[in-house]
Amino acid sequence: MTDKMVQLSIHEKLDRLANNLWWSWDPEVTDVFRLIDPELWEKVNHNPVLLLNEYPPVRLEERAREAVLHTRIHWSYRRFIEYLEAKTTWGSTHAGILGQGPVAYFSAEFGLHESLPIYSGGLGVLAGDHLKSASDLGLPLVGIGLFYHEGYFTQALDAGGWQQESYPRLEAISLPLREASNDNGPVIISVDTRRGPIHARVLHLAVGRINLYLLDTDIAANHEDDRRLTGRLYGGDQRTRIRQELLLGVGGMKALKALGILPNVIHMNEGHSAFAPLEVIRERMQEDGLPFDRALRETASRCAFTTHTPVPAGHDRFDQGLIEEHLGPLGDAIGLNIDGIMGLGRVDPQNGGESFCMTVLALKLCRIANGVSSLHGVVSRDMWAGLWPWRSVEEIPIGHITNGVHVPSWLAGQMRVLYNRVLPENWYQRTGEPDVWTSFESISPGELWEVHSTLKNRLINYARHHAVEQATRRGESESIIADMEQLFDPQALTIGFARRFAPYKRADLILKDLEFLGKLITDSERPLQFIFAGKAHPADERGKQILQHIFQLTRKPPFRGRVLILENYTIEMGRVLVQGVDVWLNNPRRPLEASGTSGQKVVLNGGLNCSILDGWWAEAYDGQNGFAIGTGRTHWNQDVQDARDSEDLYRVLTKEVIPLFYNRDRDDLPQEWIARMKRAIRTLGWRFNADRMVMDYATYSYVPAAGGLSCSIVSMP
Ligand SMILES: *Cc1c(COP(=O)(O)O)cnc(C)c1O
C-alpha cells in the first residue's frame, strides 16, 4: 500500500480524493480543495471534480507549492486510505452477518452534497446522512437511487414574489460519477412494461466506504420520452411517477444482480421503491422454483420498510390502468393477474374501488416496518390498522426508529474545535454514546458564546451577500440594494425558519397578528429578526402563496430590513443557517411532521429549538433544552388548532425566548440561555444523530432481517 501511495502524483491523489464524497465530511480535506483556489471553489459550487478540471497537472503542482499544500495533500490521502481500509469497525463487530450480503438501501432521493442536487428535502438529506453514517460505522450497505439530470429545481422569486423554477442540467462528467460495469462492460438493465422495455445505465458514486448506484435512462437505447424519464425529481405526471418507481424498485434489483451484488436485506426508504420485493419474488420463483406464497414469505422476511408520511394524501397511489401497463409483465411471470396485483396494493384486496397504494404494498411485502419518531410510530399504527383488522392498534407491527443527522456533515468547523477540546478523544467515532457528550458541560460559557457569535456573524454576512444578489437580479432600485448591504443587526435575536414550503409546515403561522409581530421586531431594547428559506413543490400553489406573502412583507416597514427570504434553499445554505441562528423555529400542524431533522442540526451548533411538540421534538424536549410551542394537544378543527398554536407561539416568544436571550450579565453574556445551549447539546446530541440511528437500524431491523427473522417491531426503542 505504502509503495503505491508514494508513486501517485499530487494530482492523482487529489483526483482520488475528489472522486469519493468522503472529502465533504472531512474538514481538513475540504480545506485543501478550498485553498487550491478559494474563489474558484465558490464558483464551482464546492465541487472538487470541476475544480480539478480547471487545473492542468502542471499548474496544480505549482499552486500546491505556493500554498504549501504538499504535506497536507499527502496526509489527507493517507487518512483517506486508512479510512477505506479499516478492518475493525462497529459494523464488523455488531453486524457481521451482513458480511455475507449487504443491505440494499433504496431511496428516490439522496441529499449528499450541494453539488449533487438530487434531493428535495428532509427525506433525501436523511438518506444521504444514512449512507454517510453507514460508511463511518463500516456497515455493509449499498444505496440505490436515480440520477436526475435536472435534479430538483433551482428556485428564484420574481419581482412579485412568485416562485420561478429552472432546471439547469447536471452532467455526470463534472460529478464524481462513473459508469458501473461488470466483466461484459458497462451495465445496462431493462425493465419490461406492456408497451415495451425501459433501459437504463448505472452510475456509481462512492460515499466513503459505501457504493451508491444511480440509474439513468438517458441512453440511446430508449425512446425520446424515456430518455427524459429520469429528468426531474418529483416532476411529471402519474405515469412518469410509476415509471420512475418501477425503475427504482425493479430496475434497482436488476442492477444489483448485474453487478454481482446479492443483498441480504432490502430496506425501502419510503414507499417509492416498494416494487423491489416483487422482482425478488419473481427471481425466487423462476430461479429457485418456489411457489408464489413461499417466495413472498421468504422475500418479506428479508425486507424492511420505513414510512415517512403521516399525511394521508402523501402516499403514492396509482389506478388500475397504470398498474396493468407497468406491472403486467411481472404479474405474468409470478402468476398474478391484474386483480391479484391490485390486491397487493389495497388494504382490502376485494375492494375494486380502492386504488393501488405503494405504502400498502411495502407493508405487505416486508416483515419489519417503522416510522421515524415515537409519535410518528403511534400515528402510523393508527393509520394502517386496517391492514391487520384482527389486531388492536397497539399490536400493529409498525415500530419506530427516530431520525438523526450525520454529525460531521452538519457541525461547524469552529464548533468542532470546541468539541475536540472538551469531548473524549475520537468522540466523532462514538457519537451514539451518551457518555461521550457529558463532558460538554465543562465548556466555559464565554467561549461557547464567542463561537456561536462568530457563526452568527457569518450567517448575517452570508444573508447580506445573497440579499444583494437577489435584489440585483430582480432589478431593484439602488437604494433597496444599498439597504440589503446593511441588513440585520448582529446583536439582535435571530430566528431561522427553513424547510420545504409544504403548507402543513405553516411558515406563515408567525404572521397571524402582523401588528403584534411588527412590535416585537422593532422593539428598541429587544428586537427580533427573521430569515426564511425553502422551496414550494412546483405544483403546490398554496405553498407558493405563502412564500409570496412573506416576500411582500419583506418589502415594507416595519419588516423591511428585518425579515428576509433567502432564495434557493440547498444543503449549503442549510449548513450556514443551522450553524448560525440563535433560534430555529418549527411549527408544523401536529402530528404531520413525521420527524424533522433540521432542528437536530441546529442543536449540534448551539442554536435553540422553538418548536411544536411534534416529530422528534415531542420526545426531545425536557423543559430546559429549548422551547415548546403548545402542549401537544390537537384540535379536530384545523382553524382552531392554527389559532391556538399561533397564540402560544407569541406567548413563548414574549414570555420565554426574548427575556432569556436579552437577560445579560456584566460581561453581556446571557447565562441562562447559554445553560440551555449546553443542556441541548448534552442531552440531545447523542440521541438525534445518524450514527445512533443507523446502529438502531442494524440492531432492530437489518440483523434480524438478515437472519430471516422478524423481531417484535413494537419493542423497537
Ligand atoms: C435538513 C434539511 C431538510 C429537512 O428539514 P426539516 O426541517 O426536517 O423539514 C430539508 N432541506 C435541507 C436542505 C436540509 O438540509
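This is a predicted model: local features need pLDDT of at least 70, side-chain atom pairs count only at pLDDT 80 or more; totals for chains, interfaces and linings use all residues.
The domain assignment divides the chain into domain 1 (3-85), domain 2 (90-403 + 695-706) and domain 3 (407-688). At least three residues of the shell around the ligand come from domain 2, and at least three come from domain 3. Among the elements of the chain, helix 9 (122-137) and helix 26 (598-604) each give two or more residues to the shell around the ligand.

The ligand has 13 residues around it, and those that come nearest are Lys505, Gly596, Thr597, Ser598 and Lys601. Sorted by class, this shell holds 4 nonpolar, 6 polar and 3 charged residues.

| Residue | Atom of the residue | Distance to an oxygen atom of the ligand |
|---|---|---|
| Lys505 | polar side-chain atom | 2.7 Å |
| Thr597 | polar backbone atom | 2.6 Å |
| Ser598 | N or O atom in the side chain | 2.4 Å |

Taken on its own, the ligand has 390 Å² of accessible area, and the protein covers 96% of that area.

Although the C-alpha centres of domain 2 and domain 3 lie 32 Å apart, the contact between them takes 39 residues from domain 2 and 43 residues from domain 3. About 3100 Å² of area is buried between domain 2 and domain 3, and carbon and sulfur atoms give 58% of it. On the domain 2 side, the residues that lose the most area to domain 3 are Gln155, Leu157 and Trp162, which together make up 21% of what that side buries.

Methods:
Residues are numbered from 1 along each chain as its sequence is written. Side-chain values use heavy atoms; hydrogens and water are left out. A residue is near a molecule or strand if one of its heavy atoms lies within 4 Å of it. A polar contact is a pair of N or O atoms within 3.5 Å; within protein, one must be able to donate a hydrogen and the other to accept it, and residues adjacent in sequence count only if both atoms are side-chain atoms. Accessible areas come from the Shrake-Rupley method with a 1.4 Å probe; for residues, only the protein chains shown count as cover. Helices (H or I, at least four residues) and strands (E, at least two) are DSSP runs, numbered from the N terminus. Ala, Val, Leu, Ile, Met, Phe, Trp, Tyr, Cys and Pro count as nonpolar, Asp, Glu, Lys and Arg as charged, and the others, Gly among them, as polar. Domain bounds come from an automatic or database domain assignment. Contact means heavy atoms within 4.5 Å. Buried area is the accessible area (1.4 Å probe) that two parts lose on being put together, summed over both.
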